[in-house]
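Subject: Structure handover

Hello,

My notes on it follow below.

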Amino acid sequence: MAYNTFVKKETVNAVIRTSGEKIEGKISILPHDRLLDMLNQGEENFIPVTDATVCCLVTGNVLFKSEFLAVNKLNIILIFKQQKSPR
């Protein structure tokens with residue numbers, strides 16, 4: 001049986017902090033959901049991040065960049081939606 005329906009997600013810029021890294025990238029969330037809702041959903045153990053930049057917390061140096069990164073929810077200390085800077 002094929003389903004022809006799909007859910008359109010909203011892409012947000014986010015910052016994720018782990019014990020040793022800061023990850024900046026894009027996360028897709030359901031409309032009207034919060035990033036916290038993604039953390040509290042028990043079905044998935046990882047949060048997909050696209051266009052990710054991973055930086056060392058100590059030096060601030062970029063460790064690597066990746067088109068796709070799966071971040072384990074158990075390693076997340078802090079997550080927030082990055083606001084666009086005013087220009």
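How many salt bridges does a search of the whole structure find? The search finds three. A salt bridge here is a side-chain nitrogen of Lys or Arg within 4 Å of a carboxyl oxygen of Asp or Glu.

First, the ground rules. This is a predicted model, where local features need pLDDT of at least 70, side-chain atom pairs count only at pLDDT 80 or more, and totals for chains, interfaces and linings use all residues. Residues are numbered from 1 along each chain as its sequence is written, and side-chain values use heavy atoms, with hydrogens and water left out.

**Salt bridges**

Glu 24 is partly exposed, at 27% relative accessibility. Lys 22 is partly exposed too, at 30%. (Buried means under 20% relative accessible area, exposed over 50%, partly exposed in between, with a 1.4 Å probe and protein chains only.)

Lys 26 and Asp 51 form another, at 3.4 Å from N to O. This pair links distant parts of the chain: Lys 26 sits in strand β2 and Asp 51 in strand β3, 25 residues apart. Lys 26 is partly exposed at 32%. Asp 51 is partly exposed at 45%.

Asp 37 and Arg 34 also meet through their side chains, at 2.9 Å from N to O.

**The sheet**

Five strands make an open sheet in the order β4-β3-β2-β1-β5, with antiparallel pairing. The edge strands are β4 (62–72) and β5 (78–81), and each pairs on one side only. Neighbouring strands are turned by 25° against each other on average, direction ignored. Axes are lines fitted to C-alpha atoms, for helices over the stretch in contact; angles run from 0 to 180 degrees between N-to-C directions.

Two definitions apply. Helices (H or I, at least four residues) and strands (E, at least two) are DSSP runs, numbered from the N terminus. Two strands pair if DSSP finds at least two bridges between them.

β3 and β4 pair over nine bridges, in the antiparallel sense. Thr 50 has Phe 68 in β4 as its bridge partner. The hairpin of β3 and β4 has five residues between the strands, and Gly 60 there takes a positive phi near 80°. Strand β1 (residues 10–17) pairs with β5 over four bridges, again antiparallel. Ile 16 has Ile 79 in β5 as its bridge partner.

**The core**

Which residues touch the most other members of the largest nonpolar core? They are Ile 16, Ile 23, Ile 27, Leu 35 and Val 49, out of 16 residues. β1, β2, α1 (35–40), β3 (46–56) and β4 each supply at least two residues of this core. The largest share, four residues, comes from β3. A nonpolar core is a set of buried Ala, Val, Leu, Ile, Met, Phe, Trp, Tyr and Cys residues joined through side-chain atoms within 4.5 Å.

Ile 23 has contacts beyond four places in sequence, among them Ala 14, Ile 16, Val 49, Leu 69 and Val 71. Contact means heavy atoms within 4.5 Å.

**Lys 22**

Lys 22 lies in strand β2 (residues 21–29). Leaving out residues up to four places away in sequence, Lys 22 touches Val 15, Ile 16, Thr 53, Val 54, Cys 55 and Leu 57.

Best wishes
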